[in-house]
Amino acid sequence: MAWVLLLFDIDGTLLLRASAEHAHALRDALEHVFGVQTDERVDAAGRTDTAIARDLARLCGVEEARFDAGLGELVACCAERYAEHCPPSLAERVAPGVAALLDALAAREDVQLSLVTGNYEPIARLKLERAGVGHHFEAGQGAFGSDSEDRLALPAIARERAGGHPRTGTVVIGDTPRDIACARADGVRVLAVATGLYSADELAEADAVAGDAFALPELIAREADLAYRTSRL
């Protein structure tokens, strides 16, 4: 029985420096759907694709109603453009220690691997497939930027897709304060890993912080033990 549902973020957590082609695809989609171009940058770390796209569209004068009306087309176009831009292999962008970590976790019966990411699902799946780790994340599970623009809503969606997994046995693993915030919003636990843009000090509000993926097995083992003991109360 899986006592712990592990909800992994992708960019900055499982993969490093794998967002350039993604950003290119999003800007291409904005141009295709709304006819706008911009070199402006907006805060992207830990946010959903739609939230990022909305900010960029707003900077270009796209009204909210027009953006909402074109959102479905934007999502589809972004996924298509990412498939065109994505390198054949992203294996070199897997964060150090992640491949071995996922292999070890997949062999355990007390944990279930899943995702919580702001990426649109087709983009998330393709990234992980071309990184060589996608087989660890079952189709029909997880939560993505295509499920909700609000990152805070994603852990609850992922728990529901995992059969209504209890909050007491759910752990978000991410690299930004927004990963921590989405876990807190759903009342689940969170492990932070300082492999992205934020230092360990900036991630101190997590339940525990790892310097890299090599330090995660011990922290995950503690979470599994805590979930088991809590379930027996």
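This report describes the overall architecture of a predicted protein model and then the setting of one of its helices.

**Overall architecture**

The protein contains 9 helices and 5 strands. Read from the N terminus, these elements follow the order β-α-α-α-α-α-β-α-α-β-α-β-β-α. The C-alpha trace extends about 55 × 35 × 35 Å along its principal axes. For 233 residues, a compact globule would have a radius of gyration near 17 Å, and the protein agrees with this because its own value is 17 Å. Among contacts with a separation of 6 or more, 66% join residues 24 or more positions apart.

| Property of the protein | Value |
|---|---|
| Residues that count as buried | 50% of 233 residues |
| Distance between the mean positions of the 23 positive and 38 negative charges | 3 Å |

**Helix α7**

Helix α7 comprises residues 154-161, and its buried residues are Leu154, Pro155, Ala158 and Arg159. These residues lie on the same side of α7, because the arc they cover around the axis is only 135 degrees. An α-helix has 3.6 residues a turn, so residues three or four places apart point the same way.

Which elements are included in the cover over the buried residues of α7? The cover includes the strands β1 (4-8), β2 (111-115) and β3 (170-174), together with helix α8 (177-186). After α7 comes Gly163, which has a positive phi near 85 degrees.

Conventions. Residues numbered from 1 in each chain as written. Predicted model: local features only at pLDDT ≥ 70, side-chain atom pairs only at ≥ 80, totals over all residues. Heavy atoms only, no water. Helix = DSSP H or I, 4+ residues; strand = E, 2+ residues; numbered from the N terminus. Rg over C-alpha atoms; globule rule 2.2 N^0.38 Å. Buried < 20%, exposed > 50% of the residue type's maximum accessible area, 1.4 Å probe, protein only. Contact = heavy atoms within 4.5 Å. Lys, Arg positive; Asp, Glu negative; His and termini not counted. Charge placed at Lys NZ, Arg CZ, Asp CG, Glu CD. Arc of directions from axis to C-beta.
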